[in-house]
Amino acid sequence: MHDRIALTLNGEPLALDPATEPTQTLLDWLRAQGLTGTKEGCAEGDCGACTVVLEGADGARRPVNACLCAMGQLHGRAIRTVEGLRGDEVPRALAEADATQCGFCTPGIAMSAWAWAREGGDPHEALAGNLCRCTGYRPILDAMARLAHDAAPAPAAPVVGSACFGTGFHLPTALAEAIALRRAHPDAWLLMGGTDLGLRLAEHRERPERVICLLNVAEMQGVSADPGGMRLGAAAPYEDFLAACRADPAYAPLAPFLARLGSRQIRALGTVAGNLGTASPIGDALPVLVALGGCVETSARDIAAEAFVTGYRRNALAADELIVAIRVPRPPTGALVAAEKLSRRHDQDISAASLAALVTFEGAAVASARLAFGGMADRPKRALAAERALVGRTLDDAAAVAAGALLGEDLSPLTDWRGSAAWRMEAARGLLRRLALRHTHPDMPHDIFALEAA
Ligand SMILES: Cc1cc2nc3c(=O)[nH]c(=O)nc-3n(C[C@H](O)[C@H](O)[C@H](O)COP(=O)(O)OP(=O)(O)OC[C@H]3O[C@@H](n4cnc5c(N)ncnc54)[C@H](O)[C@@H]3O)c2cc1C
Ligand code: FES
Ligand code: FES
């Protein structure tokens, strides 16, 4: 006897047929139900045509990519699709502002706009995950400007416990249960937000025999903070980390960087734990954790963030070890905290090169520096010689140039289609100079486009 996937769809509670394939994507399932308003553009989280909204128990309304969500991971969640906007002001505002031409992107844009009208924030940021090829964004932004803020509560999501769907999609709710499942099934996929693994379902049409989805494990929930620092539960999505950074001045300098990680849709699903699990040399989370001296709390031990990635897409986890949380120490008062990313597009793009830094001072001189680069080696890595070169100096352009000349001692970037090794080295030197500029010009706008416009 298999469990049924329970979810609330457009306000209506549903218990799905036990035969529902749990690794099927939400997008495919919706369209098979005749709910064809949700479109497939890219099937890889990039275009936003498939955007639906997760309506959280906490009242949060977050857009997500239906093409990346496995049905099993939606057990206990409430979802709104464009069919749930009948009679709503959003479609009317889009039509009245002439914000739709061919209309293919419009359902996804309507969902992002609908969530934005409830969650607020920067409207440009709200649209970064929605590609419109023909209308242009001005009329879409005009339509959004007409929307009234709506604080109506989200519908109740079903209350659920541990479950197993189909022949092997497990959704444990306790850490001990998750570890036991992992030991019994060492080849199972460990699924969190699915913004990496979901591509294998949607784009490559893989169907794993067994999945252990960790999203509901109690010990992995939430973001908390104390004077020592922040603790990110492994299941906490980036949007929660970003909100916590925006609310705390010590971490606020990280917020513009995190706001460029994927799109709102990606950040509502993706997690720091998943980024560490992937162990990509261009993942955005690890340089930040390494610079701030972070620590990965696993089911067995604590691992310094710096020692977590052991090589190209390899990490230090044992076969039965799970990431439970990530600890990010509070930067000392007066320290310079910065994170910079260079990518081919400003939004919704993976880094070609990145730098996260924590610099402390004694008077005007640098007392200590931690410089962690992404995209500059087979893993995110510190530039130790450059760090040493900064100590004792005033952090100005000359010091940054001198330190930049030493980057080759620790970093050896690859050439790939995001950039050549030579370009990456020059870019990393530029990022160091930008760090000095942030120190000497603390009011400099973070966004480089804002800088150009100023
Ligand atoms: C359109 C798009 C844009 C993106 N933009 C960016 C970007 O700007 N910057 C960036 O860095 N990344 C980006 N990504 C990649 C992705 O969003 C991140 O790597 C994300 O952090 C993955 O987290 P997840 O929870 O979705 O992981 P999942 O896909 O669920 O899992 C990823 C890996 O981590 C493992 N894992 C997950 N949780 C645990 C755990 N608790 N213990 C042990 N192993 C675990 C899984 O087994 C898997 O191997 C993007 C992806 C897409 C599709
Ligand atoms: S279909 Fe393009 S983001 Fe899902
Ligand atoms: S209206 Fe055609 S893609 Fe946006």
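How many residues surround ligand 1, and which are the closest? There are 32 of them, and the closest are Leu190, Thr195, Asp196, Tyr238 and Thr271, where being near takes a heavy atom within 4 Å. This is a predicted model, so local features need pLDDT of at least 70 and side-chain atom pairs pLDDT 80 or more, while totals for chains, interfaces and linings use all residues. Residues count from 1 along each chain as its sequence is written, chains are lettered from A and ligands numbered from 1 in the order written, and side-chain values use heavy atoms, leaving out hydrogens and water.

**Around ligand 1**
- A polar side-chain atom of tyrosine 238 sits 2.5 Å from an oxygen atom of ligand 1.
- On its own, ligand 1 exposes 990 Å², and the protein buries 93% of that (Shrake-Rupley areas, 1.4 Å probe).
- Strand E8 (189-191) and helix H11 (272-278) each give at least two residues to the shell; H11 has the largest share, with 4 residues. Both are DSSP runs, numbered from the N terminus: helices are H or I with at least four residues, strands E with at least two.
- Sorted by class, the shell has 12 nonpolar, 13 polar and 7 charged residues (nonpolar: Ala, Val, Leu, Ile, Met, Phe, Trp, Tyr, Cys and Pro; charged: Asp, Glu, Lys and Arg; polar: the others, Gly among them).

**An aromatic pair**
- Searching the whole structure turns up 1 aromatic pair (ring centres within 6.5 Å; under 30 degrees between planes is stacked, over 60 edge-to-face, the rest tilted).
- Phenylalanine 165 and phenylalanine 169 make up that tilted pair, at 6.2 Å centre to centre and 40° between the planes.
- Phenylalanine 165 is buried at 1% relative accessible area, and phenylalanine 169 is buried at 2% (buried is under 20%, exposed over 50%, partly exposed in between; 1.4 Å probe, protein chains only).

**Threonine 298**
- Threonine 298 belongs to strand E12 (residues 295-298) and is buried, at 8% relative accessibility.
- Its side chain reaches the backbone nitrogen of alanine 300 at 3.0 Å.
- The side chain of threonine 298 also makes a polar contact with that of glutamate 321, at 2.6 Å (N or O atoms within 3.5 Å; within protein, one able to donate a hydrogen and the other to accept it, with sequence neighbours counting only if both are side-chain atoms).

How values were computed. Phe/Tyr/Trp six-rings, centres within 6.5 Å; stacked < 30°, edge-to-face > 60°.
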